[in-house]
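Trainee: Could you show me how to read the features of a structure that is new to me, one feature after another?
Mentor: Gladly; let us look at it together and begin with a single residue.

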Amino acid sequence: MTYEEKLERFERHIDNGGKVEAEDWMPDDYRNGVLKFIEMHANSEIMGAIPEREQIPRAPSLKRKMSLTAKVQDEVGHAQLLYRVAEDLGKGRDAMYADLVNGKSKFHNVFHYPTKDWGDVALIGWLIDGAALVTQAALLDSSYAPYTRVLKRICAEEQLHLRHGEHITLELAAGTDEQRAMFQDALNRWWLAIIHFFGPRSNVEKDLLLKWKVKTRTNEDLRQEFLDRYVPKILELGFTIPKPTPYKDGDHWVINEDDIDWTPLDAIKRNDGPETARRLGLRKRIYDDHRWVRDALSAPTAHVA
Amino acid sequence: MFRRSGHKEPFEHAGAVIASDPEMALLMAKECFFRRREGDHLWVVARSDIHSLSDETLLEIAADKSYRFASDYRDVIEKRERALARAREIKGE
C-alpha cells in the first residue's frame, strides 16, 4: 500500500469515529502532534504540582496539610501516567525530562505564575482545576485511545480535587472579611491567566489535532463552557470579577475577545514567565538529586540472605 | 486470557485456557470467549509469567486517609449555604 493509500484509509477511519492505538499505523504528523500534546499535558501536571506544593507549609490545619499533600501527589502521578503514554509514541522519558528542564518544551501558562497565600490554594483548587477539568473531559473522546484510557482516571481524581478546592473556597467565602479578601485578591491576580489557559481562538482550518479528532472541541468553545459554569458561582458568592469582565448575553456569560490582553502570554510562550526559571530550576534540582533513586530502582533486585 | 471490550476500556482478565503454545492459546481463547464478539482485542499470558502479591493485607490503607475520598467533602453543601448567606449579608439583602 502506498503512503497516500494508507493516509486515506487512516483519515477515513478517523472520520468514521475510529480510534488509534499505539501499535497502529499513523501519519508522522499525527504521531508527533499527539506526542507533543501529551508531553505538554504531562509537563503541566508535574509543573502544576509545584505552585501548590509551595503552600503546603501554610495550610491552616493538619487535615488541610494532609489533603493538599495528597493532591500534589495525585498531580505528580498524573504526570507519570501521561509520560508513560507519550513514551509509547517514540520519545524516551529522559529526553522529555531534559527538554522540560532545559526549556525546550512547554507547560501550561498558569504554572508560570507565583503563589502568594492560602487564597491562591482555594483559587487554584477550584477555578484552575475547574478549567482543567473542562478541557480534560473534552479529551475523553479523543481519537488516540491510550490517552483516553488514562484520562478516565485523571478526570475522576480531578473531580475530587475540584471538590477539595471548592471546599476551601467556600470556607473562605463564609469567613471573615480578611478571609474573603484573600480569595478576592487571588481572583484579581489569576483571572486573566485563567482566561488565557484555554488559548487563543482555534484555527480550525490549520489545526491538525482538531482535524484528526485528537482534540474534539475548539479553545473558544471550552472557554465558553467554563464561563457559563463558573461565572454565576463566583458572582453568587459576592466576589467581583476583574477585567476581562464577562457579561450576560442571552443564556451565556461572554467575554469580548478584544478585551483579552494576550501580551503576558507571549513571554510565557518563550518560557520567560514570572516564575518559569525558578520553577524549572527547582525541577532540575529535584531531578538531579533523585538520580540515585532511579539508579537504585533500575538495578537488579538485591536479595538479602 | 485478557480481553478488551472496546478502545475506551482496559484489558481485563476474562478466563483461562490450557494449550500447548501461545498460538493455540489464542485460538482456544477466541473460540471459548469471543463467541458473541465480546471484545475487540485479546491477549494470552502464560500463568508462570504472572507474579502476584503474596499478602493481600498489604493493600489495606495504613492510616486514616479519608481526605482521598469524595465522601470526606460531603459538607460542601452546608458550606455553600453558609457562604451564600454571608454573601447576601455583605450585599445588604
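**Reading two chains**

Mentor: A:His161 has its place in helix 6 of chain A, which covers residues 145–173. Please keep in mind throughout that this is a predicted model.

Trainee: Is A:His161 buried or exposed?

Mentor: The general idea is that a residue is called buried when its relative accessible area is under 20%. A:His161 has a relative accessibility of 2%, and therefore counts as buried.

Trainee: Which residues is A:His161 in contact with, leaving aside its neighbours within four places in sequence?

Mentor: With those neighbours set aside, A:His161 is in contact with A:Lys71, A:Asp74, A:Glu75, A:His78, A:Gly125 and A:Asp129. With one of these, A:Glu75, the side chain of A:His161 makes a polar contact to the side chain, at 3.2 Å.

Trainee: Where is A:Lys91 found, and what polar contacts does its side chain make?

Mentor: A:Lys91 is found in the loop of chain A between helix 3 (62–87) and helix 4 (93–101). Its side chain makes a polar contact of 3.0 Å with the side chain of A:Glu39, and another polar contact, of 2.7 Å, joins it to the side chain of A:Asp99. When residues up to four places away in sequence are not counted, A:Lys91 touches A:Leu35, A:Glu39, A:Ala86, A:Met96 and A:Asp99.

Trainee: Why does A:Lys91 count as buried?

Mentor: Here the cut-off matters, since buried means under 20% relative accessible area. A:Lys91 counts as buried because its relative accessibility is 19%. For a contrast, take A:Arg285 in helix 11 (residues 276–289) of chain A, which counts as exposed at 51% relative accessibility.

Trainee: How should I read two helices that pack against each other, and at what angle do helix 4 and helix 11 of chain A pack?

Mentor: One reads the angle and the distance between the axes, and then asks which residues make the contact. Helix 4 and helix 11 of chain A pack at an angle of about 145°, and their axes are 9 Å apart. The contact is made by A:Asp94, A:Tyr97, A:Leu100 and A:Val101 from helix 4, together with A:Leu280, A:Arg283, A:Lys284 and A:Tyr287 from helix 11. By class, this contact has 5 nonpolar and 3 charged residues, and no polar ones.

Trainee: How do the axes of helix 5 and helix 9 of chain A cross?

Mentor: The axes of helix 5 (residues 118–138) and helix 9 (residues 219–236) of chain A come within 10 Å and cross at roughly 145°, and helix 5 passes helix 9 in a right-handed crossing. Among the residues that make the contact are A:Trp126, A:Leu127 and A:Gly130 of helix 5, and A:Leu222, A:Glu225 and A:Phe226 of helix 9. By class, the contact has 9 nonpolar, 2 polar and 2 charged residues.

Trainee: Which residues have a positive phi although they are not glycine?

Mentor: A:Lys213 has a phi near 60°, while A:Asn271 has a positive phi of about 55°. A:Lys213 is found in the loop between helix 8 (208–211) and helix 9 of chain A, and at 31% relative accessibility it counts as partly exposed. A:Asn271 is found in the loop between helix 10 (263–269) and helix 11 of chain A, and with a relative accessible area of 13% it is buried.

Trainee: How many helices and strands do chain A and chain B have?

Mentor: Chain A has 12 helices and 2 strands, whereas chain B has 2 helices and 3 strands, running β-β-α-β-α from the N terminus on.

Trainee: And how do I read the radius of gyration of each chain?

Mentor: One sets the value beside that of a compact globule with the given number of residues. For 305 residues such a globule would have a radius near 19 Å, and the 21 Å of chain A agrees with this. For 93 residues a compact globule would be near 12 Å, but chain B has 25 Å. The C-alpha trace of chain B spans about 80 × 35 × 15 Å along its principal axes. Buried residues make up 52% of chain A and 20% of chain B.

Definitions and conventions:
Residues are numbered from 1 along each chain as its sequence is written. Chains are lettered from A and ligands numbered from 1 in the order in which they are written. This is a predicted model: local features need pLDDT of at least 70, side-chain atom pairs count only at pLDDT 80 or more; totals for chains, interfaces and linings use all residues. Side-chain values use heavy atoms; hydrogens and water are left out. Axes are lines fitted to C-alpha atoms, for helices over the stretch in contact, and angles run from 0 to 180 degrees between N-to-C directions. Helices (H or I, at least four residues) and strands (E, at least two) are DSSP runs, numbered from the N terminus. A crossing is left-handed if the near helix is turned anticlockwise from the far one by less than a right angle, and right-handed if clockwise. Contact means heavy atoms within 4.5 Å. Ala, Val, Leu, Ile, Met, Phe, Trp, Tyr, Cys and Pro count as nonpolar, Asp, Glu, Lys and Arg as charged, and the others, Gly among them, as polar. Buried means under 20% relative accessible area, exposed over 50%, partly exposed in between (1.4 Å probe, protein chains only). A polar contact is a pair of N or O atoms within 3.5 Å; within protein, one must be able to donate a hydrogen and the other to accept it, and residues adjacent in sequence count only if both atoms are side-chain atoms. The radius of gyration is taken over C-alpha atoms; the globule rule is 2.2 Å times the number of residues to the power 0.38.
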